[in-house]
Amino acid sequence: MNLKKVIGFYVLMLITSTLFAQAGRYHLLVGTYTAPGKSEGIYVYEFNTENGEMSYKSKVILESPSYFAVSPDRKFVYSVSESKESKINALSFDAKSGELKLINSRPSGSAGPTHISVDALRKYVFAANYGGGSLTALAIEEDGSLGADIQDIKHEGSSIVMKKPYVHSVVVSPDNKYVLAADLGTDKINIYQFKPQNRPLALFPAAQPFALLDPGAGPRHSAFHPNKKYFYSVTELNSKVYAFEYKKGRLKQIQSISMIPEGFTGPGHGADIQISEDGKFLYANTRSTVNEIAIFSINQSNGTLSLVDKQPSLGKSSRTFQIDPSGNWLISTSQATNELILFKRNQETGKLTPTGQKLSIDKPSLVKFVKMD
């Protein structure tokens, strides 16, 4: 074989293997509770999708960044500080090195922010203030920093269990025109029309202002199906998943299905919900006495759910979990046992298998994957 061809072949192989290796690596960002505890903020690891290995890279010091959102362009991260000061933080993010730097912070509008989202155009962040029972819309400046314009919408009402509103999460619709807030205290999914051009008042009650769940349900986290036709919410108080048809800011309930064993009387405390990228499976977990990840198949023609399996989470107080971009892994946070727990995921059946791989970290609350440059 010609020497030039041989050299060219090996150069091509080297480039191909390098690109393949880069394609299989992501930043893994981990939010934590810092008080009480030993954690200091948001931690950045490198995650290898080939073998599930997690290696430490860096951290940024923040007070209890229990939840955060990554901007669509991967240039910024916006986090809550679930602390006495109740702040929202803007951070720059280097998608190559994984380095996070604090830009600025603003008050969250009400007490106890627990969840945050950023809209597709990076015009606003939306925070769910659990303690204050409100939804906050905070404008973003061109440089990614948080502006002074803030809209804090106080919810009203109660339920048969809770005596006042507790807004637990907020998600933006796939078309970026609506914002949906899960209120655990009033058993409602509140729906707002989003008009970023109307700064500083960007949110308005939608034509359907809310969807009401069963009394005492306690909606916590929600997710849209990749096909944008269905919306799902996991409830903390009765530990169910509620399925809805979604269209132009309107919700129509089509199903509710339990995550806890029939006849079980103890609290299940439904926590998080994730849908696989292919839209075939939905995962939802319980985080107190049951400590399981329930796996449901999704009927592609009508959006309804069928139970496939239940996998013990192997930890306690798992606030959140995340499926990696390859679809082959699922990482669960365990706040009480101070670790991230890795499961292998079968993309055909949706089932999870424990790998035995764990990462020790104090009071983890959230994990998110970000593609490396």
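Predicted model: local features only at pLDDT ≥ 70, side-chain atom pairs only at ≥ 80, totals over all residues.
Colleague: Why is Ile 160 called exposed?

Modeller: Its relative accessibility is 64%. Exposed means over 50%, so the label holds. Ile 160 sits in the loop between strand 11 (146-154) and strand 12 (167-172). With Val 161 and Leu 237, Ile 160 forms a nonpolar surface patch of about 260 Å² accessible area together.

Colleague: What makes Lys 59 and Glu 40 a salt bridge?

Modeller: The N to O distance is 2.1 Å. The cut-off is within 4 Å, so the pair qualifies. Lys 59 lies in strand 3 (residues 54-61) and Glu 40 in the loop between strand 1 (25-32) and strand 2 (41-48), so the pair ties together parts 19 residues apart in sequence.

Colleague: Asp 73 and Arg 122 also meet in a salt bridge, at 3.3 Å, N to O. Which parts does that pair tie together?

Modeller: Asp 73 is in the loop between strand 4 (68-70) and strand 5 (76-81), and Arg 122 in the loop between strand 8 (113-118) and strand 9 (124-129), so the linked parts are 49 residues apart in sequence.

Colleague: Why is Arg 122 called buried?

Modeller: Arg 122 has a relative accessible area of 17%. Asp 73, at 31%, is partly exposed.

Note on methods: Residues numbered from 1 in each chain as written. Heavy atoms only, no water. Patch = residues over 30% accessible without salt bridge, like charges linked within 9 Å, V, L, I, M, F, W, Y side chains within 5 Å. Areas by Shrake-Rupley, 256 points an atom, 1.4 Å probe, with all protein chains shown as cover. Salt bridge = Lys/Arg side-chain N within 4 Å of Asp/Glu carboxyl O. Helix = DSSP H or I, 4+ residues; strand = E, 2+ residues; numbered from the N terminus. Buried < 20%, exposed > 50% of the residue type's maximum accessible area, 1.4 Å probe, protein only.
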